[in-house]
Amino acid sequence: MSEARDQAPKQRRQATVLFADISGFSSLAERLDPEELTDLVSRCFRIVEQIILERGGAIDKYIGDCVMALFGAPRALEDAPRQAINAAIAIRDAIGRLNESAHLPAHVGVHIGINSGLVVAGEVGGERHRDYTVMGSTVNLAERLQSAAPTGCIYVGPDTYAETCTMFEFRQLDPLRLAGIAEPVTAYEVLSRREQLHRMRPHGRQLRRLVSPLVGRDRELTLLRQRFERLTQGEGGVVTIVGDAGVGKSRLLAEACLLPIVERLRLLEARCLSVGRALGFHPFVDLIETAAGISPGWPTSRRYAALRKLVEEADPEQAAEILPPLARLMGVADEPGHDELEGVSGDALEKMIHRAMSRLLVAASRTRPVVLVFEDLHWADRSSLGLLQALIDVAAAAPILFVLLARPGFEDTSELITRYLREKTSIDVQTVALAPLAAPDCDRLIDNLFGSATVPPTLRDMIKRRSEGNPFYVEEVIRILLDKGVVRRQHGQIELLQESELVRVPATIEGILLARIEQLDEPARNVLQIASVIGRRFYHRIIADIVEADCDLDAALEQLMAKELIFERSTRGTSSRRRLLLAAERQYVFKHALMQQVAYENIALQRRREIHRRCAVAVEKLFRDRIQDAYGMLAYHFTQAGESTRAEEYLVKAGEEAARAAA
Ligand SMILES: Nc1ncnc2c1ncn2[C@@H]1O[C@H](COP(=O)(O)OP(=O)(O)O)[C@@H](O)[C@H]1O
Ligand SMILES: [Mg+2]
């Protein structure tokens, strides 16, 4: 027991594993001085490492000339499969450029394997040295894919493909027979040469994905239309659209942008990246790139020319002043003659950028009122927040409408802006709080996603229960049911082929929810996990009996409530049959069923069994007086604890009790 204690707890989670093997060093070894070779090898690995870190991944280890990297572990990452493929594409490009620039006597190449799925993460090692790593068949397959991939190729496994097939181009490979893996594996080669930095717009080219026409949201659309109308009459302002991940913020805006009135407006969009917190001004770079029609692969001189054209067209008179700071912002000032601000940096430069950007925006709004959209503002970097704040101040008098999209609960980014506006300015901020879809809208969404097929009521209920009105969750749950063959569409009917509750939480949703769990302190996380074993609802009395003696339970529960993961429930008004179990005592509920499930699935099996056992013991002890009410619960916890004899005992008793109650 004490041995297990001082090890970091193991975790189960879905992650994406990338193996990149650099080839060609051995033939270079014959032609280069050993010192030169060592320099080259470390240069390669430095490049690879930086690329991986910038895309939210982590280096797991080096194995000879091979790098193993993780996306989604040890830290949760949204869109981990997409980020891993981005990294692979960038690594291949960077190694290609290295060959060109370093004039090597022989070529260095890279081949890459990527696979997503369940991994077990934790520390391994002996007494002195321990490493964090992940294990499991997901990792093995990634490595095998890497060795099967020819130089210059990126191979991905089936789950990585399923998550990213609408974002990149792929070629399906002949089933691969891989050593140590029994079944032939259907793998795919990545054909795309470009990274996908941004998530797809909810309208984008969703060729193979499930999409539904908009359901609900009439009120919110009307509100946006009215703001657009007022904008055409010269009234700007700030609207925020706030809601949880996947609730439909981007979709609502996309629909609003299809309204006829938008033809009379100039629409500008700045998108923030989940991995962008350290990238200065990154949404503004995106904004200008889009407005100026700059493509990612363009060389500096071409980017500079496009920026210059944009500025000169918007404001011919002030162009000479606006251009230099923006050239710095865009990182295109480093060619001779482009940098008129040489030597200016820090605050001074930042001020000039603020002024230049404000002038450009106000100038743009003179010919047509501007809607300036900030997507995923909760991910904005500091410099962008400062600039946005300055823009809102200056633009308050101009026909400019700021539309800020963000998730709730990000105090140091999006909420910093709204707090500033509320407390420090007289600017009126209108907030659209997007709630989950109402039940009838959710029904329509499910029907639309399944096409004309009839959906059996049990399946419909299961999807609604799991997704709780979040349209993204509805889509993902359905996608995973179809992908995993749990449901099948046949003769206009949807058939349920397996017991569907057993399906894991889709990886995308797990990533979003795990990221929230990881923001908690260690004790609160621990309490959340224990609570998840007890169930969606749990009593204070029970959890107090289960947690470790040194745990400050109430502080942890406070934190969980402050972060809106759980809430306290009054026990009045519950059905009389169970009144005694619930007798006037503190009870808590997970806000989302999926949050409970993710917290639960994240616990290593051994610890899960242990907590189930402790649950059973606590219930036996604390509900001694009316234990007949708890037979079913006891049977469940003992089953999960692996104590089948005791479980059966209670199952039998539960059966007898039910028969008695029915008599
Ligand atoms: N009201 C709706 N009707 C139909 N589909 C919707 C609706 N709201 C969202 N969706 C779909 O759900 C997914 C997630 O929506 P999105 O707008 O991207 O969420 P958010 O921006 O809040 O994270 C998208 O595929 C979107 O098309
Ligand atoms: Mg969005």
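Mentor: Let us start with the polar contact, which is a pair of N or O atoms within 3.5 Å; within protein, one must be able to donate a hydrogen and the other to accept it, and residues adjacent in sequence count only if both atoms are side-chain atoms. The model is predicted, so local features need pLDDT of at least 70 and side-chain atom pairs count only at pLDDT 80 or more, whereas totals for chains, interfaces and linings use all residues. Residues are numbered from 1 along each chain as its sequence is written, chains are lettered from A and ligands numbered from 1 in the order in which they are written, and side-chain values use heavy atoms, with hydrogens and water left out.

Trainee: What makes the pairing of the Asp 79 and Arg 82 side chains a polar contact?

Mentor: The distance is 2.8 Å, and the definition asks for N or O atoms within 3.5 Å, so the pair qualifies. Asp 79 sits in the loop between strand E3 (66-71) and H4, where helices (H or I, at least four residues) and strands (E, at least two) are DSSP runs, numbered from the N terminus.

Trainee: Why is Asp 79 called buried?

Mentor: Buried means under 20% relative accessible area, exposed over 50%, and partly exposed in between (1.4 Å probe, protein chains only). Asp 79 has 16% relative accessibility, so it counts as buried.

Trainee: Which label does Asn 99 receive, buried or exposed?

Mentor: Asn 99 has a relative accessible area of 12%, so it is buried. Asn 99 belongs to helix H4 (residues 80-102), and its side chain makes a polar contact with the side chain of His 107 at 3.3 Å.

Trainee: Why is ligand 1 said to lie between two domains?

Mentor: Domain bounds come from an automatic or database domain assignment, which here gives domain 1 (2-190), domain 2 (218-433), domain 3 (439-502) and domain 4 (509-662). Domain 2 and domain 3 both give residues to the shell around ligand 1, so the ligand lies between them.

Trainee: How many residues surround ligand 1, and which are the closest?

Mentor: There are 18, the closest being Val 215, Gly 246, Lys 249, Ser 250 and Arg 251; a residue is near a molecule or strand if one of its heavy atoms lies within 4 Å of it. A backbone N or O atom of Gly 246 lies 2.8 Å from an oxygen atom of ligand 1, and a polar backbone atom of Arg 251 is 2.7 Å from an oxygen atom of the ligand. The protein covers 93% of the 560 Å² of accessible area that ligand 1 has on its own, where accessible areas come from the Shrake-Rupley method with a 1.4 Å probe and, for residues, only the protein chains shown count as cover.
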